[in-house]
Amino acid sequence: MKIFNRNNIIVILCLLLAILPVSCLKDDYAAKENTTMMVTFTTRAITGNSNDDAGELEDNEQMHTLRVIMVRSRDKKILHNEYYEFDKFVASKTIIFCDRAADVMGERLDFYAIANEEGVGFNDNYWDEVNVENFKTMKLGDEFLENANEKSTNTNTKIPQTAYESIYVDQQDGVISRTIQLQFVVAKVRLTINNPLGEEQEVKDISLSSVNCNDTSLFASDDLSSSSVSMPLIDVITIPEATTTNGVITNGTSTIYAYFYENELLGTDHYILNASYNSNKQVFDISTAANIYQIKRGTMLDINVMLRNVEPEVNVSVVPWTEKSMGVEFN
């Protein structure tokens, strides 16, 4: 006796997917075929909260909310615009569009995702009434960086992550499954200063030259900004003295970080680390030393400094934001 037919199997599959910790979106669109579309949105997040590990994120960098907007490419009609809020940190969110794919078979769908939209600064009504054309002009400005870098009273600014991807619906039956990777809209500098000396040290007036602190597009663009300004990092930082235990010396260490926007350098501009140490002005040319003339969103400028009695030693690289911290040797 034949108990299950193809349609029953698809129905059961859709029901099973609906009870998973994801969203199953049903609407008034009539299903033309038994097709289900699943889209998973993942972040650059690795759970944790430590300045000592570049692979772990601060709380404001983790995904707290997610907005997903699905647009039909040919007429720019918004078919789905939903906001999701999470009680605790999540690294991904899967949305199941039951039977929706059948209604756009042979069509191309554009997906826009924004994690931590609160950090962008637009109010709720803006997102509810957003027009697709707005996405091309949406920007973050210098005020966002001031908030994100805790230079104002707003010390809890969430760092947005965004993604855009176009998906062609070409499967007649079954489940269409896609994964879309979100990316931080800013870049990050992480400065670690190591002190091997027998007394605590102070480094003053630390700044980074030729970075972009002006503005950036909310969604990634192929064209990088050439904006170039100097960004103060900290007025003074104290690095504790090295300690010795059972003959083993452990450096004193202090770490700071800040956010800026992606850019590429033009002409004679160079990324420069400026500081004052032992009453002397210290200037380190990052571009020349490490051949870095471009810093993209979602990456981190990782700077490690080893203090010496006269002139500090510096090691610098651009790494993925969530790359695990590696030991650095200074010869």
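Is D285 buried, exposed or partly exposed? At 26% relative accessibility, D285 counts as partly exposed, a class that sits between buried (under 20% relative accessible area) and exposed (over 50%), with a 1.4 Å probe and protein chains only. The model here is predicted, so to speak a computed one: local features need pLDDT of at least 70 and side-chain atom pairs count only at pLDDT 80 or more, while totals for chains, interfaces and linings use all residues. Residues are numbered from 1 along each chain as its sequence is written, and side-chain values use heavy atoms, with hydrogens and water left out.

Leaving aside residues up to four places away in sequence, D285 touches H270, Y271 and I272, where contact means heavy atoms within 4.5 Å. N274 is 11 residues from D285 in sequence, and their C-alpha atoms are 8.8 Å apart. A polar atom of the D285 side chain also lies 3.1 Å from the backbone nitrogen of S287.

Now for the sheet. Four strands make up an open, antiparallel sheet in the order β14-β12-β19-β20, with pairing taken to mean at least two DSSP bridges between two strands. β14 (229-239) and β20 are the edge strands, each pairing on one side only. Neighbouring strands are turned by 20 degrees against each other on average, direction ignored, using axes that are lines fitted to C-alpha atoms. Strand β12 (residues 201-211) runs antiparallel to β14, and eight bridges join them. One of the bridge pairs is L208 with M231 in β14.

Technical notes. A polar contact is a pair of N or O atoms within 3.5 Å; within protein, one must be able to donate a hydrogen and the other to accept it, and residues adjacent in sequence count only if both atoms are side-chain atoms. Helices (H or I, at least four residues) and strands (E, at least two) are DSSP runs, numbered from the N terminus. Axes are lines fitted to C-alpha atoms, for helices over the stretch in contact, and angles run from 0 to 180 degrees between N-to-C directions.
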